[in-house]
Amino acid sequence: MFSRRTRIILAVLVVASLSFVILDLRGGDGPFSSARSAVSSIIGGIQRGAATIFSPVTGASEWWSTQVGQSGQIRDLTVENERLNSALVSSENDIARANQLDALLRVASVGRYEVTPAEVIAIGPSQDFAWTVTIDAGSLDGIEEDMTVINGDGLVGRVLKVYNSTATVVLIVDPVSSVGGRIAGSQEIGIVSGTGRQNSLEFQLLDPLGEVNPGDAVVTFGSKSGRPYAPGLPIGEVVDVTGSAGQLARIATVRPYANMSQVSVVGVVVKPPREDPRDSVLPNAPVVTPTPTPAATSAPGSSNEKETAATPAPSGN
Amino acid sequence: MIFRQGLFIGTCVFVAVLIELTLLSRLGIPGATPDIVVVTVVAIAFAMGPVQGATSGFAAGVILDLSPSSDTLVGVNAIIYLIIGFVAGFWIDPRDRTLPIMIGITALSTSAAALGTAIVDSALGGDRVNWVEVPWITLSSALYGVLLSALVIPLIARLSRSFLAEKSLS
């Protein structure tokens, strides 16, 4: 039916891709780790350039992608989008970026995390069901595997693979991601796992009798020496709880603070704080008390709540 | 001639992967990411034939699997796109190459790619696939495939005619 040449080419290609799958499935440092880093260095470099060229377009898209769900409007909005003055778009883009950096700096300084700023330059297609992005910082910038990635709103993910000038980050909403979480202001800990949907996480308390209510904030519990997750970072807010106290399948739905489909400026925590900042990093936490001497805050973290109770709520927040 | 074809296929596929990863996936569009890579592979298969379609599908899959921001097994996308490229090139009837038919085949291909990735991923033990989302991803990728193919298929056809002009004589 096919010519001999066709059959040979097809057979070679099929065998090649199947053996790729099998070799890569073995895991570990297979033959693809070097191929991956070589290709990634090339593609990553080009992606940086492409991301800069496309930044007005992707920046403008943040405006209309807030209309997610009204897919009928997408085309109208695309047309509308094209009418936007490109100079205006790029300046707005710069302002947004500056605001995100400001927020990131706030999180980093309140929690005393040492961060390296980076920008998202590519996102994996959603057909892969993986929530992974590429950032434009790599081993040359001091990034290592399993470092925490945050943005101005809270926890974003962790570094999965590192190349020379780029790194792959797996977001917390990825179905394989799980983070140790703690309810702010209490000792209840549990596991926050990704669901594959951009605005929901599952939080399972380790203690089935523990108390969790909608509106509770969840922060990271922290891993040993701050990897893969540094302690005290805001993850999200509990929006729904299924099951009653004592039930085994007691799962809280958590909406992440960081908007996963629109992460752009992020920070990689290269050095976690020496002590757990507890709840002080939360977006509207009253814990950011105007203590006269910041150096005196080296008291154990558990005193934070008491301080809060004693201080009048800051109205400006 | 093979060199020219290879260069053409490689360039088209590489540009498509770049556009998909840096532009389309960042638009925040609901559902699947508009799959310009599959559309390009199918367009090459239409313009040049099943073997070229299969080769470009293989190349596109390997580049996509190896690129940063992907955490899939190397070869999964390669084999899916390879099959799609071949079938699309084989299926198209040379006597009936109207745009609606080509767009229909493209829509089927993009949804087949989305569904195929889900099936192969879960068959290989990946625990990422969320089957509740699969129908929606499949449908939306067909929709975006239609939109993209109206642009990409004529473009690739023109490019291949002008770039590989001598080839059509042989």
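Strands, of at least two residues (E), and helices, of at least four (H or I), are DSSP runs numbered from the N terminus, and two strands count as paired if DSSP finds at least two bridges between them. Within this pair, Val149(A) has Gly157(A) as its bridge partner in S4(A). A hairpin is formed by S3(A) and S4(A), with 2 residues between them.

S4(A) is also joined by 5 bridges to strand S5 (residues 167-171) of chain A, and these two run antiparallel. Strand S4 (residues 154-162) of chain A is largely enclosed by the rest of the structure, because 9 of its 9 residues are buried. A residue is buried if 20 or more other C-beta atoms lie within 10 Å of its own, exposed if 12 or fewer do, and partly exposed in between, with C-beta atoms placed from the backbone.

## Conventions

Residues are numbered from 1 along each chain as its sequence is written, while chains are lettered from A and ligands numbered from 1 in the order in which they are written. As the model is predicted, local features need pLDDT of at least 70 and side-chain atom pairs count only at pLDDT 80 or more, whereas totals for chains, interfaces and linings use all residues.

Chain A contains 5 helices and 12 strands. Of its 317 residues, 40% count as buried. Among contacts in chain A between residues at least 6 apart in sequence, 61% join residues at least 24 apart; a contact requires C-beta atoms, placed from the backbone, to lie within 7 Å.

Strand S6 (residues 178-183) and strand S9 (residues 217-220) of chain A run antiparallel and are joined by 3 bridges. Arg182(A) has Val219(A) as its bridge partner in S9(A).

## Two helices

Helix H1 (residues 4-25) of chain A has 22 residues and reaches 32 Å from its first C-alpha to its last, close to the 32 Å expected at 1.5 Å a residue. The expected span is 1.5 Å times one less than the number of residues. Leu13(A), Ser17(A), Phe20(A) and Asp24(A) are buried in H1(A). They lie on the same side of H1(A), because they cover an arc of only 55 degrees around the axis, taken from the directions from the helix axis to the C-beta atoms. On the other side of H1(A), exposed residues include Arg4(A), Arg7(A) and Ile8(A).

In chain B, the end C-alpha atoms of helix H5 (residues 99-123) are 35 Å apart, which agrees with the 36 Å that its 25 residues should span at 1.5 Å a residue. Just after H5(B), Gly125(B) takes a positive phi of about 90 degrees.

## Contact between chains A and B

The contact takes 54 residues from chain A and 47 residues from chain B. On the side of chain A that touches chain B, the largest share, 16 residues, comes from H2(A).

Technical notes:
Contact = placed C-beta atoms within 7 Å.
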